[in-house]
Amino acid sequence: MKKLFFLSSVILLTTGCANYLMRKNCEKVNWFQHAYDVAMEGKRLPEDDFLSKCEKAETEINSGELDRGFKAGMENYCKPQSALDKGAKGDGFNYDFCDSNINPLLKAKHIEGMKRFCTPANAYTFASVGGIYKNQCPKNEDAWMPKYRQGRQVYLRGEINKNQDQMNGLDGEIREQVSLRSQLNTRSEERRVGKECRSR
């Protein structure tokens, strides 16, 4: 029974701390900008995990700023330039998000952007900075994939080197700590022997 009570107390305390930290994190948010960014991803606010977590943590959310930011983001998302830019980055486009009257123009712009994205030269650049291919260029894969693989190898080699540098740095810190511990143990032993000699 005591174990159950203790476990329940720990769970409540952990949950309370997590809610407190989440609430503090949420209180720092610029809700206009956050809602704008959500809309620019082609998502609606109920689909946003962060907003959902803030609501569960009972954060005070400025709904006016949230609404204004979302509307501004949605308006910008549904512009032809935005569809073109999304395509040029290899990102999908949510046509259901926009007024159906403008969808034919948005589709044309998105396709134009995807054509820019799906060039072999872009494949190398995209992969070399960590971009992940998600079958965006099925019609151009024969030309796209060799350059993508070359760029991916460059990216992965860079990541391996970065991780190796971090490991070397950590190994150096470990060696320093081991040396420090050894010095402290030696001093402690010297003090102990000195006390024994003085007590004789």
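Author: Start with rings. Rings of Phe, Tyr and Trp count as a pair if their centres lie within 6.5 Å. In this predicted model, such ring pairs link Phe70, Tyr77, Phe93, Tyr95 and Phe97 into a cluster.

Reader: How many aromatic pairs are found in the whole structure?

Author: The search finds 12 aromatic pairs. Take Phe93 and Tyr95: their ring centres are 5.2 Å apart and their planes stand at 50°.

Reader: Why is the pair of Phe93 and Tyr95 called tilted?

Author: Planes under 30 degrees apart count as stacked, and over 60 as edge-to-face. The planes of Phe93 and Tyr95 are at 50°, so the pair is tilted. Both residues are buried.

Reader: What makes Phe126 and Trp144 an aromatic pair?

Author: The cut-off for ring centres is 6.5 Å. Phe126 and Trp144 are 6.2 Å apart, centre to centre, so they pair. The angle between their planes is 45°, and this pair is tilted. Phe126 lies in helix H7 and Trp144 in helix H8, 18 residues apart, so the pair links distant parts of the chain. Phe126 is buried, and Trp144 is buried too.

Reader: Now helix H4. How do you know that its span is close to the one expected?

Author: H4 covers residues 63–77, which makes 15 residues. From first C-alpha to last it reaches 20 Å, close to the expected 21 Å.

Reader: Which residues of H4 are buried, and what puts them on the same side?

Author: The buried ones are Leu66, Gly69, Phe70, Gly73 and Tyr77. They cover an arc of only 100° around the axis, so they sit on the same side of H4. Their cover includes helices H2, H3 and H5. The face turned away from that buried side carries Lys71 and Glu75, which are exposed.

Reader: What happens at the start of H4?

Author: There, a side-chain oxygen of Asn62 comes to within 3.2 Å of the backbone nitrogen of Gly64.

Reader: Why is Arg68 called partly exposed?

Author: Buried means under 20% relative accessible area, and exposed means over 50%. Arg68 has 46%, so it is partly exposed. Glu65, at 25%, counts as partly exposed as well.

Reader: How many salt bridges does this rule give?

Author: The count comes to 6. One of them joins Lys43 and Glu41, at 3.4 Å from N to O. Lys43 is partly exposed, at 24% relative accessibility. Another joins Glu112 and Lys109, at 3.6 Å. Both of these lie in helix H6, 3 residues apart, about one turn of the helix. Salt bridges that share partners join Lys109, Glu112 and Arg116 into one network.

Reader: How far apart are Ala88 and Arg116 in sequence and in space?

Author: In sequence, 28 residues; in space, 5.6 Å from C-alpha to C-alpha. Ala88 is in helix H5. Leaving out residues up to four places away in sequence, Ala88 touches Gly113, Met114, Phe117 and Asn122.

Key. Residues are numbered from 1 along each chain as its sequence is written. This is a predicted model: local features need pLDDT of at least 70, side-chain atom pairs count only at pLDDT 80 or more; totals for chains, interfaces and linings use all residues. Side-chain values use heavy atoms; hydrogens and water are left out. Helices (H or I, at least four residues) and strands (E, at least two) are DSSP runs, numbered from the N terminus. The expected span of a helix is 1.5 Å times one less than its number of residues. Buried means under 20% relative accessible area, exposed over 50%, partly exposed in between (1.4 Å probe, protein chains only). The arc is that of the directions from the helix axis to the C-beta atoms. Contact means heavy atoms within 4.5 Å. A polar contact is a pair of N or O atoms within 3.5 Å; within protein, one must be able to donate a hydrogen and the other to accept it, and residues adjacent in sequence count only if both atoms are side-chain atoms. A salt bridge is a side-chain nitrogen of Lys or Arg within 4 Å of a carboxyl oxygen of Asp or Glu. Rings of Phe, Tyr and Trp (its six-membered ring) pair if their centres lie within 6.5 Å; planes under 30 degrees apart count as stacked, over 60 as edge-to-face and the rest as tilted.
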